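This report describes a single protein chain for a reader who has not seen it before. The sequence and the model come next, and the text then goes through selected features.

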Amino acid sequence: MLAAAAGAQPAHDTPAALAEAAKARAVAGDDLKDPLFLCEPHGGGVVRQALEMGSKQWLEPARLFDNLYYVGNGFVGVFVLKTSEGLVLFDASQSEAEARDHIVPGLQKLGLDPATIRYVIVTHGHYDHFGGAAWLQKTYGARIALSAADWQLLEKTPADAIERSGTELPRRDIVITDGQQLILGDTKIALYVTPGHTPGVVSAIVPVLAQGKRYNLSLLGSTAFPASIEPTEKVGGLKAYDASVLRFAKISRAASAQGILNTHVFADGTRGRIEALSATPDEPNPFLKGSRFVGRYYQILHHCLLAAQLRPQADNVWLPK
C-alpha cells in the first residue's frame, strides 16, 4: 500500500534516474519491494504517510528470536536485545508518553523487566528515535548512546523544529565511535557510524539466538533519503549515504548477516516479517533470509540513492509544495 502511494505521486523523473530505479526493481523481485518507494521522486512522502497512519497502529509486542523483541507501532518502534546482564534498546520511541504508556508495558508483557534497561542506542538524532530517551534515562538509569555528530545535531536543534518537536533531550552520556563494540554480559554488538539521513547515523550488527544457534542481523539506522547531495548541518547527504550503504553492505557480508532490521518497520518489510512470525510461529523464522537477501537489500538502496542523485534535488524534497 505504501509503495503504491509513492508511485501515485506525480513523477517527472530524469531518464538516468529512471534507469537506476529500474535496476532497483529488478534486484527487488517479488520479495523485497518494500524499500522501492525510496526510488521515487518525493518518496519521503511515504514516510509522512506512515507517520500519520502507522503511529496509531500499535503492534502486539513480539518475540522475534530467543533474545530479540519488538515493541512499537507500524511507523517506528524499539528493538530490545536481552543479554545476561540486562537489556539493550535500539531507539526509544517518539515521546515520553510512548515510552511510559507503550514501551514499558510492552516489555512487561514480554516478561522483560524495564528496570534492567542498561543501554539505549539511538540510531539518529530525530525525535521519533530519541523521544523517550530522557525519561528512560531518568526513570531507569539507562545510558543513552549516539554518535558525536548526532549528539551535536540533537543539542543544536531548536525545540520547535520538526526534528525535535518539543521533545526533552537526554543528558549526553555515551558517544559512539565507528567500529565500537558494546559488550554487555554474554553479548557483543558492533556499532558503525554511517552518515546519510543525518550526519551521524548509527548502524549495528546485532547478534541473535534461534533455538540456541547464533546469527547476525544487519540493522541500518537510516531510512528516508535527504534531499541534498552534499552534507549539511542536518543531513549527511546522498553521496555519503550511498558510501555508507556500500560500506555497511560489506560489513554485513563479512559478519555473515542473515537478515535485516530497521526501527522504521514499514520501510524494509520488518512489519510483515513480525506479522508472519506471529501468524506461523512453527515455520522457519522469516527474519533469517540469508546473506544474499541482505546484499540485495543494500543494492536496492544503492540504486535508489543513485537515482536520487541523478534528478534535481528539489524533486527529492519529502513533500513538494
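In α2, the buried residues are A17, E20, A21, A24 and A28. Around the helix axis they cover an arc of only 100°, so they sit on the same side of α2. The arc is taken from the directions that run from the helix axis to the C-beta atoms. Buried stands for a relative accessible area under 20%, exposed for over 50%, and partly exposed for what lies in between, with a 1.4 Å probe and protein chains only. Helices (H or I, at least four residues) and strands (E, at least two) are DSSP runs numbered from the N terminus.

The model is predicted: local features need pLDDT of at least 70, side-chain atom pairs count only at pLDDT 80 or more, and totals for chains, interfaces and linings use all residues. Residues are numbered from 1 along each chain as its sequence is written, and side-chain values use heavy atoms, with hydrogens and water left out.

On the other side of α2, P15 and A26 are exposed. The buried residues of α2 pack against α10, where contact means heavy atoms within 4.5 Å. The length of α2 can also be checked. Its 14 residues should span 20 Å at 1.5 Å a residue, and the end C-alpha atoms are 20 Å apart, which agrees. The expected span is 1.5 Å times one less than the number of residues. Just after α2, G29 takes a positive phi of about 55°.

## Nonpolar cores

What is the number of residues in the largest nonpolar core? It has 38, and F225 and Y298 have the most contacts inside it. Such a core is a set of buried Ala, Val, Leu, Ile, Met, Phe, Trp, Tyr and Cys residues joined through side-chain atoms within 4.5 Å. At least two residues of this core come from each of α2 (15-28), α3 (45-54), β9 (187-193), α8 (238-254) and α10 (291-309). The most come from α10, which gives 9 residues. Another core, of 31 residues, lies apart from it, and Y119, A204, I274 and L277 are among its members. In soluble globular proteins, nonpolar side chains tend to be buried together.

With neighbours within four places in sequence left aside, F225 is in contact with L38, L238, Y241, L301, C304, L305, A308 and W318.

## Aromatic rings

Rings of Phe, Tyr and Trp (its six-membered ring) pair if their centres lie within 6.5 Å; planes under 30 degrees apart count as stacked, over 60 as edge-to-face and the rest as tilted. By this rule there are 9 aromatic pairs. Y70 and F79 form a tilted one, with 5.4 Å centre to centre and 55° between the planes. Both Y70 and F79 are buried. Elsewhere, ring pairs link Y192, F248, Y297 and Y298 into a cluster.

K289 lies over the face of F293, at 5.6 Å from the ring centre. A charge sits over a ring if NZ of Lys or CZ of Arg is within 6 Å of the ring centre and within 35 degrees of the ring normal.

## Helix α7

In helix α7 (residues 148-156), D150, W151, L153 and L154 are the buried residues. Seen down the axis of α7, they fall within an arc of 160°, so they line one face of the helix. Their cover includes α5 (127-130), β6 (143-147) and β7 (174-176).

## Residues in loops

H42 is not a glycine, yet its phi is positive, at about 60°. It lies in the loop between α2 and α3. D91 is likewise a residue other than glycine with a positive phi, near 75°, and is found in the loop between β4 (86-90) and α4 (96-109).

| Residue | Relative accessible area | Class |
|---|---|---|
| H42 | 10% | buried |
| D91 | 0% | buried |
| G74 | 4% | buried |
| P281 | 57% | exposed |

G74 has its place in the loop between β2 (68-72) and β3 (77-83). Not counting residues up to four places away in sequence, G74 touches G54, Q57, L59, V265, F266 and R271. P281 lies in the loop between α9 (270-279) and α10.
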